[in-house]
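This report describes one protein model in plain terms.

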Amino acid sequence: MTDKKDLLEQRREKNKLISESGINLYPNNFQVVNTVKELKDVIEKAPEKLGEEGEVFTVAGRMMAVNKFGKSSFIRIKDGTGLRMQAYLSKSRVGDETYAMFKQLDIGDIVGITGPLFQTKTGEWTIFADEFMLLSKSVRPLPEKFHGLKDPEKRYRRRYVDLIMNEDVRDVFVKRAKIVQKIREFLSTREFLEVETPMMQPVAGGAEATPFVTHHNALDMELFLRIAPELYLKRLVVGGFDRVFEINRNFRNEGVSTRHNPEFTMLEFYQAYASYEDLMDLTEDLFCEIADEVLKSRETEYQGDKISFEKPWKRIPLTEALCETAGMDKSLLNNKEGLLQFAEENGVTITKKEKTGKIITKLFEALVEPNLIQPTFVTHYPVEVSPLSRRSHKDPEFTERFELFVGGREIANGFSELNDPDDQKERFLDQVKKRDDGDDEAHMMDHDYIEALEYGMPPTAGEGIGIDRLVMLFTDSASIREVILFPHMRPSLDQ
C-alpha cells in the first residue's frame, strides 16, 4: 500500500511534468458565466432551450468524479453552490491537445467548461464540453470517496476538506448564514440599530467570566478581550439609541467542550421602555420566524427529542422549577444548611461558603436544566448571580431576569436592566469582594459605566442569545464544533 507521503510526492512530480509540458497549472483568464444552480433552474423551467445545438453555458468547479475512456470521458464537477453537474468530454469536440491535457488531471482539480446541455441515454442532463480548461491543479489528493473525511478532529482541523467532501457540513453553515441574516432582518424591521462596540476593553464587564488579557504597547496599558458587549451597548441607550443590537465575537478564557469555545458569537440587543416580559414575547416571535425561514416548520428534532416552537412557551420561576422538577421542598429555599444537605443527597458539589442564591442556582443547573427540552423561560434568578439585573419589586432577593432553555441547554439570557447607579455600584463592590476572595469570574468595578448611569438610563430590557448554540439547535448538531467553521483545538502533533 502506498502511504500518504509517497502519494503526495508522486502527485508533486506529476504536476511538475505537466507544468514543464507548457500547461499553466494556475491560470486566471477564465470567465465564469453560470453556476450549476442556474443550469438546473434552466433545466427545470425551460428545457426547450437545451440540446446539443442549444444555448451554451460556462461553468467552473472541482472535479469530484472522473470516468476516463479512450476518446471520451465523463466527469462530475461541484461548484460554489454546492451542487453537482455531469460533463461529457469528447476528443473530437475539444481537440487532441485539450483532451490529452485532461487525461493527465486528477479528482480534486478545478476546471472550467463551456458547452450546451444535453440528455444522456440514461436521461441525465450533462454539459457537452466545447471548451475545457484547467484552472487550478490540486497537489494533495482528496479523501477516498466511500470513506470520506469522518474523523472529527481531522474534519475540524481541515475544515476546507470537510466542506468539499461532506454536503451535510456545508448545509450547516449555509443555515447558519440564513439564521444570522434572519435575525438582522427581524430586528431591523423593528427599528433596532445595528452597532459595533470595542473588542478590546480597559475593564472586562457584562458577564461573569475569566477574560483573555493583552497589552497595548503604545498606551502601555492592560486590555481585555471582551467577554460581553453589554456595558457599551447600555452606554448607547444612555446616549439616546433606544433600540440597539450587535452580532459579534466574545472571548472567554474557559475550557473547550461540546458546548464551549473560547471564541464564540453572540447577539445582544437592548430596548428602552421595555421589560424582561416584553423580551420574552419578542424572543418567541424571533424563534418562530427563524423556524419558518430555515426549517419551513415550527417543529424540529434535536438529538432525538421532538421540539415545538409554537407559542406560547412555558414560563416558570427558578425556585418553582427546582421544586417541580427536582422534588425539592419549598421550605428549604431559605435554609442554607438544608440546601447544602439536599445538594449532597443529590450528588451536587457546593462549597459551604456559597451564598443561598448561588446554591439555589447551582442546584437548578445540575438538577433541572438538562430536563428542559421544550422551549422554557426560567425567570427570577437570585440577585447574587445577577449583578446587572433589576430587582423584583415583589421579592428584592430575586431579579427580573430570564434564561431560555431548549433541548436541555441555555440558549438566551435576558433581564430588565438595573439603571439605579447606586444599586449598581453596590453590586459591583460585592463582585469586587468575590474577586478578592479568589473568584476570577466575578465582575470588575467599572467606574465609567457607573458615571454613564448617573446621567440617566431609561427603563430598559436587554438580552443575549448565543448564535452558536442557536445554530446547533436548528441544525441538530450535538457539538459546538460542528457549527463553528474553525473551532479552537490543541496543536496537532503531526504538524
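The model is predicted, so local features need pLDDT of at least 70 and side-chain atom pairs count only at pLDDT 80 or more, while totals for chains, interfaces and linings use all residues. Residues are numbered from 1 along each chain as its sequence is written, and side-chain values use heavy atoms, with hydrogens and water left out.

Helices (H or I, at least four residues) and strands (E, at least two) are DSSP runs numbered from the N terminus, and contact means heavy atoms within 4.5 Å.

Not counting residues up to four places away in sequence, Gln 424 touches Pro 387, Leu 388, Leu 418, Tyr 449, Ile 450 and Leu 453. With neighbours within four places in sequence left aside, the contacts of Glu 263 are Arg 249, Asn 250, Phe 251, Ile 484 and His 488.

Strand S12 belongs to an open sheet of 8 strands with mixed pairing, in the order S7-S11-S12-S19-S18-S17-S16-S15. Two strands pair if DSSP finds at least two bridges between them. Strands S7 (193–194) and S15 (314–317) are at the edges with a single partner strand each, so one side of each has no neighbour in the sheet. S15 pairs with strand S16 (residues 376–379) in the parallel sense over 4 bridges, and Lys 314 has Thr 376 as its bridge partner in S16.

The largest pocket holds about 1300 Å³ of space. A pocket is an open set of points on a 1 Å grid over the protein atoms alone, with protein on both sides within 12 Å along at least five of seven lines, and lining residues have an atom within 4 Å of a point. Its volume is the space filled by probe spheres set on the points, which are joined across faces, edges and corners. Of the 48 lining residues, Glu 208, Arg 252, Arg 401, Glu 403 and Glu 410 are the closest to the centre. Strand S18 gives the most to this lining, with 6 residues.

Note on methods
On a 1 Å grid over the protein atoms alone, a cavity is a set of points where a 1.4 Å probe fits but cannot get out, and a pocket is an open set with protein on both sides within 12 Å along at least five of seven lines; lining residues have an atom within 4 Å of a point.
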